[in-house]
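Open the model in your viewer and keep the selection panel at hand. The stops below follow one another, each with something to select and something to look for.

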Amino acid sequence: MKITPNQFAWIFLIVLIGLIGWGGYAAWNFFQNPGENLVSMENEVKLGEMITQQIMHEHGEDAMVQDAYADSCIHAIYERLQSAMGGSGYHYNIRLLKGDEPNAFAIPGGNVFVYTGLIKFCHTPEEVTAVLAHEMGHVEKRHTINNIIKQMGVGALLSYLGDGSGGAAQQLSEKMINGFFSREDEAEADDFALALLERAHIRPSVLGEVFSRMKDEHGDMEGVMSLLSTHPELEQRSAKSKAYQTKADFIEMPIHMDWTRLQQLWP
Ligand SMILES: [Zn+2]
């Protein structure tokens, strides 16, 4: 079969439209997920270490909880989630920080900080697990690194990684403690948490229960805690968690620990 010039023009046009569409999609994807495309895991881990140092510096030398029982409880909670998650590109570091706020936050490189105030606020180990699952959602979906690049620009970030100069770490740590994620990020981290909790044999609606109580008791702290940062959408997020339907064969399994003993470690 011989292709006429007219047919050739059509084929050319169709291929051209396809290429433009593909290029547009690639560019869109690139700018939506700059962290994945521009910052290697090695650099993300390095950035996480720098911000961790800044957080420890700001909270003071003895801010980190050093207690074998508390460590074993956090480990048991993390273990449950990790085995339900299967593989992860991250090596997680969950640190317990002394602080009254019922808050937890994630920074790049698989680092999650939990305040002792959150342990005291939660009624059960499963409630802390639900919050931790949400924070791990921010890590797995690379929200932390993507947002840093969107705010700082990749050039500033890379030069910061190079020499650690400027007040960048201070600014970044502040943002992460107080919450800087979009509604979409929060929704994505919630979806991740709900599915993970189900696989981990923890009732997913527990997440919604924590959110509701947090809003009732600490709604006035809005804007100073990452967990409350999306108020007033917190109500919707809570409703969605409570409405989550588990599979018919879902079995709930409590995480065993002496919860009162853990809560009483801090006066
Ligand atoms: Zn969040």
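Helices, labelled H, are DSSP runs of at least four residues, numbered from the N terminus. The model on screen is predicted.

**Stop 1: the loop between H6 and H7.** Select arginine 142, which sits in the loop joining helix H6 (125-140) to helix H7 (143-152). Its phi is near 60 degrees, a positive value in a residue that is not glycine. Is arginine 142 buried or exposed? It counts as buried, because it has 21 C-beta neighbours inside 10 Å and the cut-off for burial is 20 or more.

**Stop 2: H6 against H11.** For a packed pair of helices, the description consists of the angle between the axes and the distance between them. Here the angle is about 95 degrees and the axes of H6 and H11 are 9 Å apart. H6 and H11 are therefore roughly perpendicular to each other. To see the contact, select Glu126, Glu127, Ala130, Val131 and His134 on H6, then Val206, Leu207 and Val210 on H11.

Stop 3: Colour the buried residues of H10, among them Asp185, Glu186, Phe192, Leu196 and Leu197. Which helices do the buried residues of H10 pack against? They pack against helix H4 (68-85), H6, H7, H11 and H12.

Just after H10, go to histidine 201, where phi is positive at about 65 degrees. Histidine 201 counts as partly exposed, because it has 16 C-beta neighbours inside 10 Å.

**Stop 4: H12 seen end-on.** Select helix H12, residues 234-243, and colour its buried residues Leu234, Arg237, Ser238 and Ser241. Then look down the axis of H12: the buried residues fall within an arc of 100 degrees, so they line one face of the helix. Behind this is a general point: an α-helix has 3.6 residues a turn, so residues three or four places apart point the same way. On the face of H12 turned away from the buried side, pick out the exposed residues Ala239 and Ala243. Now bring back H10 and H11, which are among what covers the buried residues of H12.

**Stop 5: the sheet.** The open sheet has three strands in the order E1-E3-E2, with mixed pairing. Strand E1 (93-97) and E2 are its edge strands, each pairing on one side only. On average, neighbouring strands of this sheet are turned by 20 degrees against each other, direction ignored.

Start with E1 and E3, which pair in the parallel sense over five bridges. Leucine 96 has valine 114 as its bridge partner in E3. Move on to E2 (residues 104-107) and E3 (residues 111-115), which run antiparallel and are joined by four bridges. Isoleucine 107 stands opposite asparagine 111 of E3.

Where is the positive phi in the hairpin of E2 and E3? Select glycine 109: its phi is near 80 degrees, and the hairpin has three residues between the strands.

End on E2, where both faces are covered. Ala104 and Ala106 on one side are buried, and so are Phe105 and Ile107 on the other.

Definitions and conventions. Residues numbered from 1 in each chain as written. Predicted model: local features only at pLDDT ≥ 70, side-chain atom pairs only at ≥ 80, totals over all residues. Helix = DSSP H or I, 4+ residues; strand = E, 2+ residues; numbered from the N terminus. Buried ≥ 20, exposed ≤ 12 C-beta atoms within 10 Å, placed from the backbone. Arc of directions from axis to C-beta. Contact = placed C-beta atoms within 7 Å. Pairing = 2+ DSSP bridges. Axes fitted to C-alpha atoms, helices over the stretch in contact; angles between N-to-C directions. Parallel < 35°, antiparallel > 145°, perpendicular 65-115°, else oblique.
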